Amino acid sequence: MALHSNTSPVYVAFFFILSCVFITAGSGLSSESSSGLLAPYDELYYRGVRAYFSEDWERAAEFLEKSISTREKLLQTRRKCHDECSTTGDDKISKLDKEDFTLWDLGILEWSQVRAECVRFCMGRSVSPAALLPVSSDIEYEFGTRNPYNYLQVTYYKLDKLAKAASAAHTFFVANPSHLEMRNNIEKYRRILGVKEESFQDREREQEQHWEMYDEAIRAESSSDWMKAVKKWKECVNETLKQTENCRAQCVMASRVIPEEPDTAQGLYERAADLSLSLLSCKQMCVTLVSMRPGRVSALEDFLPLQLEHLHIAQFKAGDLKGAVETLRSQLLFYPTDTDSLSNLEVYTQSLEGNTEAQDTGPMQEIAKYVSRALQEKRLLYFGMANLDFKFSDPDLWTPEDVVPESLRETWRAEKEKLHEKLKHGEKLEEVDDSGFYAGGPVPVVGVTVTMDDQGLNGTNRVVLDGVLSQSECDRVMQLSTVAASVGDGYRGRRSPHTPHEKFEGLTVLSALKLAQDKVVNHSDARLLHEIGETVKVLMDSYFRSHSIIYFAYTHLVCRTAIPGHQEGRLDLSHPVHVDNCILEPETRQCWREAPAFTHRDLSAVLYLNDDFEGGDFFFADRDAKTVTARVKPKCGRLVGFTSGPVNPHGVTAVTGGRRCALALWFTTEKHHRDMEREEAEELWAADGKSVVKEEKGDGESAVKTARSGRSQGNKRSKDRERVTGRRDEL
């Protein structure tokens, strides 16, 4: 339908606003599910969780599985009804051009009602009234983070259904790759007889297939297999479009309703527009959801244009010039003035000289439709921002300026320029450490010297100190680790959580004390482990100057041993690049201070005990997790100290021979996150009449609180979920 140029902007906008179907969940609907209709999946989930905590494992498995399958059926039903009703009411729209302009509002209302009734009727054939109601944000968070599979993993383990437990563990871990305990569980399942490799299947794989195709396409490019790359990029584009449509279809069920009570501040049109704009915004945000890889916290910018760029280059190198022209013209729909793309198009068309049909090939029809629809929706949403006080965050970088109302353009330009600059420079501007710590303070321990500082380590708030331990002290702690580490805190010499090529052992101060009480190790050696920690604390507190008091957050004696016969051709790391108090995302160079990261940690230290092993170098890296900025070779008494935040990504190279031992320590300025195990050990020593250095304790601060989330404290209920158990950190 053509727009009349002489119409009022309000009426034009209102027409497009109502081009989105909206359905409201009526009040007074029964919560009981009719026979044969889908029940509310959130209710099934609640039942499963209750059964889980009651240790009724059979019922827990039944209800958790039902909640997952019911939710999947609900999503499929929404997509089916969305498709069935996509043309309903179009006959009424086609008449509007011929009718008097004053009747447009009534015509659009009738059209939207017919479309809504179609979807309502379609859904009602398969879904109970209660299941049509929107679920809570907590339930959305649970399923969004795949937490049902966390419960299922334990449930199936208790039921001795180990293959199913392994599958649930793997499915959860795909979306939570920093969850160390689940990583350990998966390694345990791999060693259990009867659990086969095919058991480790991602049960949510159907929704993530475009990422598999993306990775396959990248691999084909890296091996210069251009024919395969073309095939995989085409599949990736098509699957991305499919997943986007699946996501948009879910927006037909509104989570908001038009208030029945009269609102003096808003009229009917304003309320209807607000609801309709919310649904349009929901559809636009599918760009972000589809371009976010499982386990990541931010989306890959320009995901679809990026695929098209890869595709036209692969087509050119594979000799498919006509296909390259079609793909490049599709990409130009997003960025029509991009000089590189226009230059490439000229090269392609010149290479096709004489083939007029190929030279005139237009863009892909599905991409043209995608862009046209997106622009139409953006115009409406920006109109709502300018005239209806609607809030909208555009997920696309390619949005052209002419869809933005004049009143918003200045702010829009400034924000877009700022974002483009960040992406252009990869946020590789000077790193700023806002931790409140400043390197360069005195070293108050006799015999300890600064070997490398910020300048030598090419970074901020970093130091290497030598002479912290004597050789005899290193030997004593190494002996302690040999006797006790494999049974110290439950690792029992199993393989490292980061690589299958190394064995991992660990010991805490409290574990060492208890082993001394059991006469497994000497009391003096256990006390030495404690005293070394106190020395490190003094050094860290003095060198990294701050007005804040620091407390021990965790202390862990860690040994890694190369497994003979498992070292040939190793390309992995003993510990991948990471940041201690946030989740590093190398693709975007972001680091998110949220669970499961140890967000309360402020200072980190690693004290080495030996150097008679191969590999195992400590290194600092750039946020891209690829560029090494400094290396440190371990040796007895060498301490590496640094602030725990995003300015100091670090890792450990593969230990390819021998046994590498170090004492890892973390410190916090938050008293309620102090190491309670260490204090328990000190109290046990005090009870035996042996004095130890103890931290000062404030009054009234005995409660241990959950770790804060620096990124989204407003959503505290979601972020405080018990998704990470245990305090061991295998660094």
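User: Leaving aside neighbours within four places in sequence, what is R409 in contact with?
Analyst: In this predicted model, R409 is in contact with E401, D402 and V404 once those neighbours are left aside, where contact means heavy atoms within 4.5 Å.

User: And is R409 buried or exposed?
Analyst: R409 is buried, at a relative accessible area of 18%; buried means under 20% relative accessible area, exposed over 50%, and partly exposed in between, using a 1.4 Å probe and protein chains only.

User: OK, new topic: how many salt bridges does the structure hold?
Analyst: The structure holds 32 salt bridges, a salt bridge being a side-chain nitrogen of Lys or Arg within 4 Å of a carboxyl oxygen of Asp or Glu.

User: Which residue does R205 meet in one?
Analyst: The side chain of R205 meets that of E212, at 2.5 Å from N to O; R205 is partly exposed at 38% relative accessibility, and E212 is partly exposed at 28%.

User: What about D396 and K378, how far apart are N and O there?
Analyst: Their salt bridge has an N to O distance of 2.7 Å. D396 is buried at 12% relative accessible area, and K378 is buried at 0%.

User: Which residues are joined into one network?
Analyst: Salt bridges with shared partners join E216, K231, K232 and E235.

Conventions: Residues are numbered from 1 along each chain as its sequence is written. This is a predicted model: local features need pLDDT of at least 70, side-chain atom pairs count only at pLDDT 80 or more; totals for chains, interfaces and linings use all residues. Side-chain values use heavy atoms; hydrogens and water are left out.
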